[in-house]
Every structure is written in structure tokens, then in C-alpha cells.
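Here is a briefing on one chain, with its sequence and model. Read it beside the 3D view.

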Amino acid sequence: MEQNICADKSRMRDSGVELLKIIAIILIAISHVVLTLTTEYEYISYSDYLLDCTHATTNITILLLAVMRHFGALGNWIFFVASAWFLLDSAKASGKKIMEMLLDIWVISVLILGMTLLIRGEVSGKLFVFSLFPTLFANNWYLTCYLLFYPIHPYLNRLIASMTHREHLKMISVLTVLYIGFNFIESRFFFPNMLLLWISVYLIVAYIKRYCMELYSSAKVNGILLLCGVAGAVGVVVLTDLLGLKIAALSDQLLRWVSNFNLFLILIAIAAFGLARNNHFKNKRVNHIAKCAMLIYIIHENILLRTYARPYLWHCIFDRYGYAHLFLWVFLYAAVWLLAALALSLLYEKSIQKITARVSEKMLKWMGSWYQKYEAAMLKLH
């Protein structure tokens, strides 16, 4: 019995990185709860619960909420850096993985649409269509971008393998300046989009993995990078606030740096992953929760739940209790929201996902047979 347990643990994925993923999803949930608290929605009739976090302020609570809005982008970067690290060792993309993701996203979206219709009786026509085509309309933008990025990563790996050290350095230097540096200042320079940004960071992670492993294995180096990233991310918000109190043009720019182009958040994610990958321990529960991260993300950030349910809950909290203990409510709200999403994810994993896995496998075989016919026909033309 003890030998079996030891064997299972030896095969188990290291939990240091998995724990970091759980931290990332917690950060994302907190950010989304704060986002709801500070964002007006066109599909609901009330707005009494809202707080303004865009304008410069001397209120420390508002300032801290503005900092917490950055947690979502940071969590996303942690997930991407972790994925990039392992995808760099991948020779091909799995069609099965793509099909399963697509089907899980669609099924969960349609199920929540059905439940919303039962509870509310109606939803906006636009949100109805968006719920039927969640990937097409990027309801969960991270997953849509991942589905675009994942199939091309083997070709990026071939490109990386073909580059010399000098060529690789030159490429990441140019891409860093164009798509992180410039767009950190203003996110419209040089036709930016998330896919280009991810490719840029993927190549940066590849450079670290190929040429900087000695430095990247140092807890001291990663600790310094982490502190620099945190100081920069918080410092730029505080500086913007102080300048906004004195300069009218900057008075409404407190959330200006809440962006995936924020270089300090990318630095934090890279440093945090560097520390996590050297944190060696194995825990089955941690790994299982981390495995459910995608399902948790899909459920807790569903377009109907974030449009109707999350604002309604803030409205109820404000109406009954007020905001005297706002931070307590933010963390309590995020914790309950996250635990509910986790419970639903585990339920989905044990039931419906087993069906979707079989269906996706059959769909993949059907699509593969049609693609082979197309490929054969096209090759005959040459």
C-alpha cells in the first residue's frame, strides 16, 4: 500500500506551479468582483452600488481598489507564463484538447443561459446570441486567445529552435519595445492585439529557458524581480493618483495602467513562476483544484453571471449593509463566488465533462476525415 502511494506521488505533477495557478485564479476572482463594483452595466436598471475608481483621490480605500483591479491581468499573465513554459517542450498541438475546450466552453455557456432564462424569464437578445457562440464572441477572452495561440505554438517552437542566440535576443528586444514598452504607455501603437502580445512574451519565456536558466533558478534573483515588479505596479498607480490631484488632464486616469500591456505585471508573473517552479512539493488536492482552473474561469466569469448576478449581489450588499466594511465584503464576495464556481466545476467534471469528452472525440474524428479529403484534393491541384 505504501509503495503504491509513493509511486502515485512520484508520477504526480509538482504542486509548486499548481499552487501558483490557484493563487492566480484567486487574484482574477478578486479583480472581477472589484470590476463589478466599479463598472456600470447597460442591461440592469440600478447603479446605486457603484463606486468611482477612475478619478484621483485621497481616499485610501478607493486607491487600494484601483490597485486590486490589476489582479486580473496579473492572474492571466501567471497562467500564460506557466503554460508557455511547458508548451515550449511540446512538439505538436493536440486536436483533442482543442475540441474538448471548445465543447466545454459551449456546454457551460448554454447551461447557464438555460438557468438564467428559467430564473429571469428573459435575457438581452445580444447576450442570448453571445451565450450561444461564446468562443466566437470571446466571452472569456483569455480562452479564445488561447485557442488561437495553442495550435501555432509548435511552429513557434520550430522558429525558436532555428534562431541563434543573437537572433533570438534581437527579436525579443524589438517585440518588447514595440508591444510591451510602447503599448504600456498607450495601447494603440503598432496595431497591437493580445495574440501578438502573447507571441512576444512566449519568445521572452523561451529566451529565459534557453539562455538564462542559471539566473532564473536563483530565488534571490526572482525575489528581486518580484519586488521590482510589485513596486513598479503599485508605484505607477500611486504616482498617477498624486499627479491627478494636481493636473486636471490626469484626474480621471487612475485605472490607466489596468492593462495586459503592463510591463510590471508581466515581470511579476515571470518572477513568481520562477519562484514557484523551485517550490517542490506534491499535493493531490492542490493539483486537482488547479486542474479545474479552466472550468472555474469559464463559470465564474460567464457573461450572464457577470452581467446580471454579480451586480445584483453588490446591490443587495450595499442596500442591506452599506460599505462600512468594504474590504471585508470584497474578499468575502470573491471567496464565496470562487468556492461556488469550484463546486460547480467539480460537479461538471464528475458528470457532464465525461460525456463532452466522448462527444468531442467523435467530432474530432469526423472533422479529421473531412480535412483529409480536403487535403488530398488540394494536393492534387499541384
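In which helix does V236 lie? V236 lies in helix α12, residues 219-244. Helices here are DSSP runs of H or I with at least four residues, strands are runs of E with at least two, and both are numbered from the N terminus.

This is a predicted model, in which local features need pLDDT of at least 70, side-chain atom pairs count only at pLDDT 80 or more, and totals for chains, interfaces and linings use all residues. Residues are numbered from 1 along each chain as its sequence is written, and side-chain values use heavy atoms, with hydrogens and water left out.

**Confidence**

- The mean pLDDT of the chain is 92; pLDDT is the predictor's confidence in each residue, from 0 to 100.
- A pLDDT of 70 or more is reached by 97% of the residues.
- Residues 1-10 stay under 50 in pLDDT. For this stretch the model has 2 contacts beyond four places in sequence, where contact means heavy atoms within 4.5 Å.

**Nonpolar cores**

- The largest nonpolar core has 101 residues. Such a core is a set of buried Ala, Val, Leu, Ile, Met, Phe, Trp, Tyr and Cys residues joined through side-chain atoms within 4.5 Å.
- Buried means under 20% relative accessible area, exposed means over 50%, and partly exposed lies in between (1.4 Å probe, protein chains only).
- Residues with the most contacts inside the largest core are L65, W77, F80, W198, Y202, W314 and V330.
- Helix α10 (residues 194-211) gives the most to this core, with 12 residues.
- A second, separate core has 8 residues, including L63, V67, F184 and V237.
- F80 touches Y142, F149, W198, V201 and Y202, leaving out residues up to four places away in sequence.

- The largest pocket has a volume of about 1100 Å³.
- Pockets and cavities are found on a 1 Å grid over the protein atoms alone. A pocket is an open set of points with protein on both sides within 12 Å along at least five of seven lines. A cavity is a set of points where a 1.4 Å probe fits but cannot get out. Lining residues have an atom within 4 Å of a point.
- Grid points are joined across faces, edges and corners, and a volume is the space filled by probe spheres set on the points.
- The largest pocket is lined by 30 residues, of which K21, K97, A290, K291 and M294 are the closest to its centre.
- At least two lining residues come from each of α2 (15-38), α4 (71-87), α5 (95-120), α7 (141-149), α14 (284-291), α15 (293-300) and α18 (352-380).
- Helix α4 supplies the largest share of this lining, 6 residues.
- The whole structure holds 2 cavities of 30 Å³ or more.
- The largest cavity contains about 50 Å³ of space. Its lining is made of I105, S109, P134, N139, N140, I298, N302 and I303.

**Selected helix residues**

- V236 counts as buried because its relative accessible area is 14%. V236 and L254 are 18 residues apart in sequence, and their C-alpha atoms are 9.5 Å apart.
- S31 is found in helix α2. Its relative accessible area is 2%, so S31 is buried.
- S31 touches M68, R69, F71 and G72, not counting residues up to four places away in sequence.
- W106 sits in helix α5. W106 is partly exposed, at 40% relative accessibility.
- Beyond four places in sequence, W106 is in contact with L132 and P134.

**Positive phi in a loop**

- Most residues other than glycine have a negative phi.
- F190 has a positive phi of about 60° although it is not a glycine. F190 is found in the loop between α9 (165-185) and α10, and is partly exposed at 41%.
- F191 also lies in the loop between α9 and α10. The phi of F191 is positive, near 50°, and F191 is exposed, with 76% relative accessibility.

**Cysteines**

- The whole structure has 0 disulfides, a disulfide being a pair of cysteine sulfur atoms within 2.5 Å.
- C292 is buried, at 1% relative accessible area.
- C316 is buried too, at 17% relative accessibility.
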